[in-house]
Amino acid sequence: MLTMAGRKLLNNPVRIVGPYLQPGMTAMDVGCGVGFFTIPMARLVGGAGRVIAVDLQPQMLAETQASTARAGCGNITAHQCDSRTLGVAQWAGMVDFALMFYMLHEAPDPQRLIGEVCATLKPGGRVLFAEPVFHVDGRAFIRSAALFTQAGLQVVRKPGIPISRAVVFQKL
């Protein structure tokens, strides 16, 4: 297991999400875990923007909230989902950018999850979808990526992220 410092060297959050975020945007970190990407995203969108941190596990959200408090980021909303649904309908059509990093392979219903995330996107909104090469083989990644296009999104970029397979989709 990588230390946090090692992970930041390998998968620097600002380098990964920075190209897609601007001040004032609304972003969603789906499967935020302990907030590895959440706080950098909050800093990138600034005080006029906001980040919705979504996770199933209350202890992960508690750690994210503690990290948020230590970092002085007041623009993060923690949202606990459940195993059946993300429960993010209140943000329908409001999200400029969603991050789904190393989490879709754990979802019991990936198609439903993708549909829920897509519904939160504004027209032109983007999703960065990435999976680890050591957990998700190429064929499985292609099948998962096809679910995004079936949901009406279009591939706009295939970023190079170390030890990852990744695609950026855009809502038309």
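Colleague: To start, what do the buried residues of α3 pack against?

Modeller: Keep in mind that this is a predicted model. The buried residues of α3 pack against α2 (13-17), β1, β2, α4, β3 and β4.

Colleague: And why is α3 called largely enclosed by the rest of the structure?

Modeller: Buried means under 20% relative accessible area. Six of the eight residues of α3 are buried, so the helix counts as largely enclosed. The buried ones are T38, I39, P40, M41, A42 and V45. Just after α3 comes G46, with a positive phi of about 70 degrees.

Colleague: Which residues meet where α3 and α4 touch?

Modeller: From α3 you get T38, I39 and R43, and they meet T64, S67, T68 and A71 in α4. By class, that contact has two nonpolar, four polar and one charged residues.

Colleague: What about α5 and α6, why are they called oblique too?

Modeller: For α5 (residues 110-120) and α6 (residues 138-150), the axes come within 10 Å and cross at roughly 40 degrees. The roughly parallel label needs an angle under 35 degrees. α5 and α6 are therefore oblique to each other. Here α5 passes α6 in a right-handed crossing. P110, Q111 and I114 in α5 meet S144, L147, F148 and Q150 in α6. Those residues divide into four nonpolar, three polar and no charged.

Colleague: On to the sheet. In what order do the seven strands come?

Modeller: The order is β3-β2-β1-β4-β5-β7-β6, in an open sheet with mixed pairing.

Colleague: What makes β3 and β6 the edge strands?

Modeller: β3 (76-80) and β6 (153-157) each pair on one side only. Neighbouring strands of this sheet are turned by 20 degrees against each other on average, direction ignored.

Colleague: How do you know that β2 and β3 pair?

Modeller: Pairing takes at least two bridges. Five bridges join β2 (residues 50-55) to β3, and the two run parallel. D55, for one, stands opposite Q80 in β3.

Colleague: What makes β6 and β7 a pair, and in which sense do they run?

Modeller: With at least two bridges needed, β6 and β7 (residues 164-171) have four, in the antiparallel sense. L153 stands opposite K171 in β7. The hairpin of β6 and β7 has six residues between the strands, and I163 takes a positive phi near 50 degrees.

Colleague: Last one: how does α4 run relative to β3?

Modeller: α4 lies across β2 and β3, and the angle to β3 is about 170 degrees. Anything over 145 counts as roughly antiparallel, and that is the label for α4 against β3.

Technical notes. Residues numbered from 1 in each chain as written. Predicted model: local features only at pLDDT ≥ 70, side-chain atom pairs only at ≥ 80, totals over all residues. Heavy atoms only, no water. Contact = heavy atoms within 4.5 Å. Nonpolar A, V, L, I, M, F, W, Y, C, P; charged D, E, K, R; others polar. Axes fitted to C-alpha atoms, helices over the stretch in contact; angles between N-to-C directions. Parallel < 35°, antiparallel > 145°, perpendicular 65-115°, else oblique. Left-handed = near helix turned anticlockwise from the far one by under 90°. Buried < 20%, exposed > 50% of the residue type's maximum accessible area, 1.4 Å probe, protein only.
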